[in-house]
Every structure is written in structure tokens, then in C-alpha cells.
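Subject: Structure handover

Hello,

Please find the structure we spoke about below. My notes on it come after.

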Amino acid sequence: MYEMKPEYFTGITLIDEEHKQLFAYANEAYDLLQEEFIPDKYDRIVAILQELRNYTKKHFSDEEAYMESIQYKRIFTQKIQHQEFIDKLDNIDIDSIEAGENQDEAIIDILEFLTNWLIHHILELDTLIGK
């Protein structure tokens with residue numbers, strides 16, 4: 001469902017491979033959403049969010065190190081957006097999704113946030129790094 005389209009590639013192998021992994025987390029969440037036979041998705045939602053947090057921090061660190069190595073002039077804007085993304089992940093209220101009835105809604109919210117941010121951030125900022 002979620003994939004790296006040609007227009008998302010920056011031309012920087014490390015960054016593109018890491019972006020693919022971020023899309024893979026979106027796919028994992030989407031697959032969980034589609035799963036009808038799991039009555040309680042809480043543990044899996046928490047695991048996906050934790051994996052996403054950890055990987056995102058690694059990705060942002062790698063991306064910022066690359067930008068520093070090429071003396072990228074827009075690094076400050078990138079760092080601000082990266083921190084806003086991490087803050088958003090950190091502020092997801094896990095306790096509010098513990099009850100089974102709103103778990104699919106929580107997954108949809110996570111998917112919308114993740115895919116909107118990824119697509120806009122990659123297209124508007126990250127593709128400029130490769131130019």
C-alpha cells in the first residue's frame with residue numbers, strides 16, 4: 001500500500017533506503033488495521049510506535065550527519081521539522097488507545113500523520129538535499 005515512488009528518491013542511497021524503511025512501518029500499521037481477527041491490537045500498536053520512534057531518531061541522525069558533511073544550508077529547517085516529528089510521536093497518548101473500541105481509529109490517525117509527514121517532508125525538503 002505505502003511505497004517509495006520515484007518522485008520520493010533523493011539520489012542519496014542511505015537516505016532513500018531509510019525512507020523505504022519508514023514506509024515499511026506505515027505498511028505494518030496498515031496491515032494491522034486490516035487485520036480483523038485480532039481483537040486487541042494495543043500491544044502491536046505500541047510496538048510499531050516504539051520501532052518507529054527508534055528508527056526515526058536513527059534516520060534523522062543519519063540524515064543530519066549527511067547534511068552537515070555537505071554543509072547543507074537548510075539544515076536548521078530540517079532539524080526543526082525532525083524534532084517536531086519526534087515530539088508528535090512522543091505525545092501520542094498510548095493510554096487512550098488501550099480500550100479496544102478506538103484502536104483502529106488510533107492506527108488511522110498514526111497512518112495519516114506518518115504518511116502526510118513523510119510525503120510532504122520528502123518532497124518539499126529531502127529531495128532538495130540531493131540537488
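This is a predicted model: local features need pLDDT of at least 70, side-chain atom pairs count only at pLDDT 80 or more; totals for chains, interfaces and linings use all residues.

Residues are numbered from 1 along each chain as its sequence is written, and side-chain values use heavy atoms, with hydrogens and water left out.

Helices here are DSSP runs (H or I, at least four residues), numbered from the N terminus. Buried means under 20% relative accessible area, exposed over 50%, and partly exposed in between (1.4 Å probe, protein chains only).

Salt bridges. Counting a side-chain nitrogen of Lys or Arg within 4 Å of a carboxyl oxygen of Asp or Glu, there are 8 salt bridges. E18 pairs with K58, the closest N and O atoms being 3.0 Å apart. This pair links distant parts of the chain, with E18 in helix α1 and K58 in helix α2, 40 residues apart. E18 is buried at 3% relative accessibility, whereas K58 is partly exposed at 41%. K58 also meets D62 in a salt bridge (2.5 Å, N to O); D62 and K58 are 4 residues apart in helix α2, so about one helical turn separates them.
Elsewhere, E68 forms a salt bridge with K79 at 3.2 Å between the closest N and O atoms. Because E68 lies in helix α2 and K79 in helix α3, the pair ties together parts that are 11 residues apart in sequence. Through shared partners, salt bridges join E18, K58 and D62 into one network.

Surface. D40, D43, D93, D95 and E98 gather in a patch of negative charge. Patch members have over 30% relative accessible area and no salt bridge, like charges being joined within 9 Å. D95 is in the loop between α3 (75–90) and α4 (103–129) and is exposed, at 61%.

Backbone. Q71 has a positive phi of about 55° although it is not a glycine. Most residues other than glycine have a negative phi. Q71 is in the loop between α2 (42–69) and α3 and is exposed, with a relative accessible area of 67%.

Regards

Notes:
Patches are made of residues with over 30% relative accessible area and no salt bridge: like charges are joined within 9 Å, nonpolar side chains (Val, Leu, Ile, Met, Phe, Trp, Tyr) within 5 Å. Accessible areas come from the Shrake-Rupley method with a 1.4 Å probe; for residues, only the protein chains shown count as cover. Lys and Arg count as positive and Asp and Glu as negative; His and the chain ends are not counted. The place of a charge is taken as NZ of Lys, CZ of Arg, CG of Asp or CD of Glu. Helices (H or I, at least four residues) and strands (E, at least two) are DSSP runs, numbered from the N terminus.
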